[in-house]
Amino acid sequence: MSTTKKAVQHSQPTGSALPGNRIITLDEFIIRSEKDFDYATGELTGLLRDIGVAAKIINREVNKAGLVNILGVADSGENQSGDIQQKLDVYANDKLVECLQNSGECCAIASEEDEGIINVPAVGSKQSHYIVMFDPLDGSSNIDVNVSVGTIFAIYRRKSDPSGPATIADFLQPGSKQVAAGYVLYGTSTILVYTTGRGVNGFTLDPSIGEFCLSHRNMRIPNSGSTYSVNQGYYSKFDLEMRRYIDHCSDQNYGLRYIGSMVSDIHRILIHGGIFLYPATRKYPKGKLRLLYECNPLSMIVEQAGGKAINTQLKRILEMVPTELHQRGTIAIGSPDMVDELKAFIERYSALPI
Ligand code: P6P
């Protein structure tokens with residue numbers, strides 16, 4: 001049986017039984033799943049649906065980016081982290097913010113593209129209990145060369161007094177406090193994958209009806225795989241333990257698959273198994289990837305699918321307590337057996353006390 005087939009064949013998610021032989025849209029799935037939550041107030045349902053709408057709008061522009069003047073570097077130049085902003089980055093960011101502001105289902109937003117948090121005025125008398133963080137278009141440097149890119153999002157319950165504005169403390173929560181996490185992959189097809197802590201499900205956009213339809217039910221990551229994913233170009237800059245593990249992958253004849261778009265690499269690993277690594281480098285001594293809106297949401301998804309996610313100091317990603325909104329970190333994420341194998345190499349070869 002192929003790995004792909006194995007990844008999608010499982011019992012239905014908990015809660016209301018779903019019919020097995022007809023189209024199930026994202027909206028229907030979310031609404032049905034709401035029954036699984038005691039405190040469900042419809043807000044989370046609304047939030048997930050808003051993100052689905054934004055994803056359809058972004059998908060439309062990503063798919064025609066080469067036809068309209070939306071490729072290339074934005075006039076704004078760089079974002080708050082000094083990353084070159086692509087026009088589509090800005091577009092995707094604006095659409096996500098707009099969809100979330102209009103619905104009033106969240107009280108504040110944080111984005112890779114914005115320096116601070118964005119408080120969302122209450123819509124009517126509604127006091128929202130959720131905050132949303134996202135990387136609106138991860139891997140955007142690939143846009144001009146038609147390589148897949150992705151949106152990554154994380155949803156938390158706010159901690160601050162609901163009668164006032166959200167605070168930075170609402171955002172500096174460990175990933176284990178995420179209420180929901182997901183990504184949208186704009187690839188050969190557009191797929192939205194999310195979890196609310198009760199398994200992982202994937203929905204493929206059917207352009208003929210404009211709906212995300214359940215296509216990957218109760219996704220489970222294979223315990224191991226035959227590929228590793230790392231930017232081999234930095235090999236000589238990696239610490240000894242990372243070089244030793246990469247040598248081991250080569251000795252095992254693992255294939256190297258590295259797209260340079262984290263959502264794409266993680267999605268492949270979720271389906272076929274494998275391990276993704278972004279260790280410390282000279283340019284990024286603390287690692288490059290963002291903890292709050294890249295590593296945490298993808299780690300929640302991978303763990304919910306049966307995988308593991310740690311940093312190169314062997315700390316579980318979801319237990320990291322953030323200190324800054326845009327802080328970076330190292331990550332090793334994927335099939336549990338392969339992450340365990342890497343841990344053994346780090347314990348054996350690390351020059352630093354672990
Ligand atoms: P490098 C894209 O810029 C990104 O944030 C991730 O999507 C990707 O995995 C990583 O950076 C690629 O970084 O240094 O290998 O080009």
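Eight strands form an open sheet with mixed pairing, in the order β4-β3-β5-β6-β7-β8-β9-β10; strands are DSSP runs of E with at least two residues, numbered from the N terminus, and two strands pair if DSSP finds at least two bridges between them. At the edges stand β4 (118-119) and β10, each of which pairs on one side only. This is a predicted model, in which local features need pLDDT of at least 70 and side-chain atom pairs count only at pLDDT 80 or more, while totals for chains, interfaces and linings use all residues. Residues are numbered from 1 along each chain as its sequence is written, and side-chain values use heavy atoms, with hydrogens and water left out.

**Strand pairs in the sheet**

- Strands of a sheet pair through backbone hydrogen bonds, either parallel or antiparallel.
- Strand β7 (residues 178-186) is joined to strand β8 (residues 190-195) by six bridges in the antiparallel sense.
- Within this pair, valine 184 has leucine 192 of β8 as its bridge partner.
- Strands β9 (residues 200-206) and β10 (residues 211-216) also run antiparallel, with five bridges between them.
- Leucine 205 is placed opposite phenylalanine 212 in β10.
- A hairpin is formed by β9 and β10, with four residues between them, and glycine 210 in the turn has a positive phi of about 65°.

**The ligand and its surroundings**

- Around the ligand there are 13 residues, of which Asp138, Tyr234, Tyr258, Met262 and Tyr278 come nearest; a residue is near if one of its heavy atoms lies within 4 Å of the molecule.
- The shell comprises six nonpolar residues, four polar ones and three charged ones; Ala, Val, Leu, Ile, Met, Phe, Trp, Tyr, Cys and Pro count as nonpolar, Asp, Glu, Lys and Arg as charged, and the others, Gly among them, as polar.
- In the side chain of tyrosine 258, an N or O atom is 2.5 Å from an oxygen atom of the ligand.
- For tyrosine 234, a polar side-chain atom lies 2.7 Å from a ligand oxygen atom, and for asparagine 231 the corresponding distance is 2.9 Å.
- The ligand taken alone exposes 400 Å², and the protein buries 83% of that; the areas come from the Shrake-Rupley method with a 1.4 Å probe.

**Glutamine 327**

- Glutamine 327 is located in the loop between β15 (308-310) and β16 (328-329).
- Glutamine 327 counts as buried because its relative accessibility is 14%, where buried means under 20% relative accessible area (1.4 Å probe, protein chains only).
- The side chain of glutamine 327 reaches the backbone nitrogen of threonine 323 at 2.6 Å and that of glutamate 324 at 2.9 Å.

Terms used
Polar contact = N/O pair within 3.5 Å; in protein donor to acceptor, adjacent residues only side chain to side chain. Buried < 20%, exposed > 50% of the residue type's maximum accessible area, 1.4 Å probe, protein only.
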